[in-house]
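Hi everyone, thanks for having me. Let's take a few minutes to walk through one fold together, so please look at the picture first.

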Amino acid sequence: MSLEDRLSSYDYDLPGELIAREPLPARDASRLMVLRRATETIEHRQFTELPELLSPGDLLVVNKTRVIPARLHGVRRRTGGRWEGLFLGMAGDGSWRLLGRTRGKLQPGEWIDLRPAAAPAAQDAAPRFGLQLVMPESEGIWRVVPERPGDPLVVLATFGTVPLPPYLGRDVAAAVDWERYQTTYAETPGAVAAPTAGLHFTPQVLERCRQRGIDVASILLHVGVGTFRPISVERLSEHQMHAEWCELPAATVAAVNQARHRGGRVVAVGTTTVRTLESAASPAGEVRPFTGETNLFIRPPYTFRAVDVLVTNFHLPRSSLLVLVSALAGREFILRAYREAVAQRYRFYSYGDAMLIV
């Protein structure tokens, strides 16, 4: 087994105090570590400098998915025990797909009574909504049927909360999370986690990019449960990514082709954008409109066909996201950059600082 194929080769030590558990007062106030692949050099900048670090003619591609209040709390009607769940989407037959956990073993036919996430589970006056468990799928995922038909987003608006990463240390999102764990350009609801590289962008930064001659286009990938699932095998070639729904529209395809024609670079904002663009690219690098699910797992060695530059955050050790950025910049270079980030006291993870790989 090669070093690049070993999960243990994508590890680093991170002091707990460097995990950013709250956002900075301003989105674009974060630091920006710049990795130059050609020379393997590292620069320390501010995110507000991003437009000047890109070139006129480049194309910035963002993910316009919107995080939904997918985290649910409730009680088991039969036992009164507490239950937590994550809404994953609709199944073809109209049932819901939920990732749930509780003490004891759940049974088909059992009912879960939802409670508003911000209210105590035992509050009798709180509104309720019932979900009946139909059948288990795998790894804690269930098919469930709501007691009343309708739009699940309406139910989530009443009972759900923003599904924050566990390392933030809060089960129920704070007021600041409802705004800041969402990009300023989010449009289409469907994600259960934010495309965090985009959290740094303000309308002002995007406008400065446009003024510099850098076009902005969008894709759509609804970040799914795979974001929360660690890699469970040591050999990366044996890892199977969870599928996520994505869309590369014709307008973005045209923008990519125009950027290529004028000699510009495709700058992906976040790993979700990378996976969408690469899923739609031919071996020759041509992209075409694409709508559907992707389970593309990008790992070294990988030849990038559609993406030249990446804006990203700092990722968890042993994660598929760290593996992806290692495929772009080189594993040893990435690990050296992460050691440098620790030494320079960068802020890590969703609310942390950013990295630009050029």
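**Helices on a sheet**

Let's begin with helix α8, which lies across β1 (31–36), β2, β16 and β17 (354–357) and runs at about 150° to β1. Helices here are DSSP runs of H or I with at least four residues, strands are runs of E with at least two, and both are numbered from the N terminus. Angles run from 0 to 180 degrees between N-to-C directions, with axes fitted to C-alpha atoms, for helices over the stretch in contact.

A word on the source: this is a predicted model, where local features need pLDDT of at least 70, side-chain atom pairs count only at pLDDT 80 or more, and totals for chains, interfaces and linings use all residues. Residues are numbered from 1 along each chain as its sequence is written, and side-chain values use heavy atoms, leaving out hydrogens and water.

Now, in what order do the strands of the open sheet come? The nine strands run β2-β1-β17-β16-β14-β3-β12-β13-β15, with mixed pairing. Two strands pair if DSSP finds at least two bridges between them. At the edges, β2 (41–46) and β15 (290–294) each pair on one side only. From one strand to the next, the twist averages 25°.

Inside the sheet, β3 (residues 59–63) and β12 (residues 215–221) pair in the parallel sense over five bridges. There, V62 has S218 of β12 as its bridge partner.

Finally, back to α8 (residues 331–343): its axis and that of α7 (residues 320–329) come within 7 Å and cross at roughly 115°. The contact (heavy atoms within 4.5 Å) includes L322 and V325 of α7 and F333 and I334 of α8.
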